[in-house]
Amino acid sequence: MTVVAGLDAGTQSVKLVVYDADARVVLASASAPLDLTSGDDGSREQDPAAWVDAMRACFAAIDVGLRHRIAALGVSGQQHGFVPVDEAGQVLGPAKLWCDTSTSAQCGPIMDAVGGPARCIELAGNPILAGYTASKLPWTREHRPEVYARLATILLPHDYLNFVLTGERYCEHGDASGTGWLDVRTRQWSAELLAATDAGRDLGGCLPPLVDADASFAILPGIATELGLSPEVRVSAGGGDNMMAAIGTGCVSEGRLTMSLGTSGTLFAYADQPIVDPGGAWAAFCSSSGGWLPLICTMNCTVVTEQVAKMFGFSTRDGDARIDATQPGADGLTFLPFLNGERTPDLPLGKGVLAGLAPHNMREAQIYRAAMEGATYSLRYGYDAFVAAGMQFDRIALTGGGANSAAWRQMVADVFDCPVDVPAQTESAAFGAALQALWSLSRSRGEATTLAALAAEHVAVDPALGCSPDPERVRAYRPAYQRFLRHLDAVRPLYAEPQPAPLQ
């Protein structure tokens with residue numbers, strides 16, 4: 001029996017799955033919640049020690065006999081975070097997260113230093129967007145100079161957990177491409193962009209070495225004992241949560257498209273070569289499987305429906321009844337769901353807008369539907385850019401917490417006019433990390449297994465949860481989506497520049 005484990009450190013929780021690769025069954029799972037520190041300036045931070053404590057709690061919840069049978073472990077982590085570490089490996093301050101927009105003002109100067117966004121895309125394949133790791137360095141230099149002065153290593157969230165597990169500081173190409181510094185074409189750090197971030201310091205010396213997607217490392221004996229694992233466990237390279245979800249949903253060969261409905265929303269597709277848009281319409285990331293992963297990210301997805309449900313005093317578990325009681329288009333309501341600023345469309349200073357209010361639609365069900373539709377339309381906006389570039393897809397693999405909603409699954413099928421499949425393993429990032437661990441374990445044993453072949457064997461869909469577009473609703477959503485686009489065009493100038501301070 002070959003048993004592997006996948007750990008996913010997300011924004012709201014850390015999740016663990018333990019998988020029997022021979023029987024193709026998840027033997028156990030566990031999760032532990034995380035707190036988020038938010039500021040009015042857009043800051044979103046977490047204490048990395050909380051991730052470690054949550055990891056301990058997850059393993060402690062698994063039978064000790066099963067833990068000792070785990071042969072390999074993979075780690076998935078929220079992308080773009082910045083964990084500052086000193087020479088001794090001590091964390092110097094809180095981690096700034098992917099959804100932190102307090103560093104938005106630092107994006108422009110980095111790009112200006114190399115000649116603007118277009119030149120930035122020429123150098124690395126991506127502009128520096130709000131939330132990317134690069135902008136967090138000049139912010140830290142300005143606001144936490146004592147941290148910046150002692151900084152020895154820049155780690156991403158999953159890199160930090162790998163460091164705790166192995167004592168090694170390393171990074172892989174998928175998560176590295178979310179920093180803004182990696183040239184996705186050459187798969188090397190861009191010296192020019194690093195210098196643009198701080199011309200007075202060699203930030204390249206703070207970056208860990210890049211390793212191949214199938215690399216693996218020995219676990220530290222002490223942490224193995226603490227977690228109840230065998231000292232023979234191998235820790236794989238891991239990757240960002242979207243990259244791991246790509247593996248967990250089988251998006252490791254061309255033509256596959258995955259949509260994740262989580263706190264953020266994402267759309268990503270596998271490619272055998274870099275897929276770069278000169279205008280930066282999508283993120284031109286590397287995958288954590290040796291290829292590339294063009295990706296659309298929205299910063300507001302399930303967080304929007306959760307906030308609306310909270311406002312009206314009900315649970316999102318009861319949200320589907322509100323959707324079923326209303327019609328596509330939400331009786332004329334349009335919700336621009338930019339509660340945390342937005343990346344797609346690129347409005348880091350954006351705010352939520354509810355338009356079209358009238359006496360007949362000022363009801364919780366219509367507003368809840370408008371919130372779900374707005375989050376879905378934001379993803380459709382990004383999808384349109386994929387299609388305009390010539391990408392073609394015949395099905396969508398749907399994952400994330402929003403995929404638990406039958407109403408949302410059907411809405412995606414109708415808005416995108418595309419059949420939807422739901423993977424049998426719902427924790428796709430943790431499951432993908434487990435599959436990457438299995439792959440790296442086989443490679444360490446000299447086997448020539450490809451990750452695509454392995455995913456084909458282990459990734460299955462739940463036939464009971466799939467759905468097809470309903471022609472009548474497809475037609476009904478078209479004018480509602482066009483209305484969303486018109487409202488987006490109308491408010492875009494309002495949030496393009498910093499707003500003046502209110503008069504005292």
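The following legends describe close-up views of a predicted model.

**View 1. The largest nonpolar core and the elements that supply it.** This core has 56 residues, and those with the most contacts inside it are Met259, Leu267, Val412 and Phe416. At least two residues each are supplied by several elements, including strand S17 (257-261), strand S18 (265-269), helix H14 (364-388), helix H15 (406-416) and helix H18 (471-491). Helix H14 gives the largest share of the core, eleven residues. Apart from this core lies another one of 47 residues, among them Val52, Ile62, Ala224 and Ala237.

**View 2. The surroundings of phenylalanine 416.** When residues up to four places away in sequence are not counted, Phe416 touches Met259, Leu267, Thr376, Leu379, Arg380, Tyr383 and Ile396. Met259 and Leu267 are, like Phe416 itself, among the residues with the most contacts inside the largest nonpolar core.

**View 3. The cis peptide bond between threonine 344 and proline 345.** The bond from Thr344 to Pro345 is cis, with omega near 0°, and Pro345 is found in the loop between S21 and strand S22 (353-355).

**View 4. Histidine 80, a residue other than glycine with a positive phi.** The phi of His80 is near 70°, and the residue is found in the loop between strand S6 (70-77) and strand S7 (83-85). His80 counts as buried because its relative accessible area is 3%, where the cut-off for buried is under 20%.

**View 5. Aspartate 331, which has a positive phi although it is not a glycine.** Asp331 has a phi of about 55° and is placed in the loop between helix H13 (319-324) and S21. With a relative accessibility of 35%, Asp331 counts as partly exposed.

Technical notes. Residues numbered from 1 in each chain as written. Predicted model: local features only at pLDDT ≥ 70, side-chain atom pairs only at ≥ 80, totals over all residues. Heavy atoms only, no water. Core = buried A, V, L, I, M, F, W, Y, C linked by side-chain atoms within 4.5 Å. Buried < 20%, exposed > 50% of the residue type's maximum accessible area, 1.4 Å probe, protein only. Helix = DSSP H or I, 4+ residues; strand = E, 2+ residues; numbered from the N terminus. Contact = heavy atoms within 4.5 Å.
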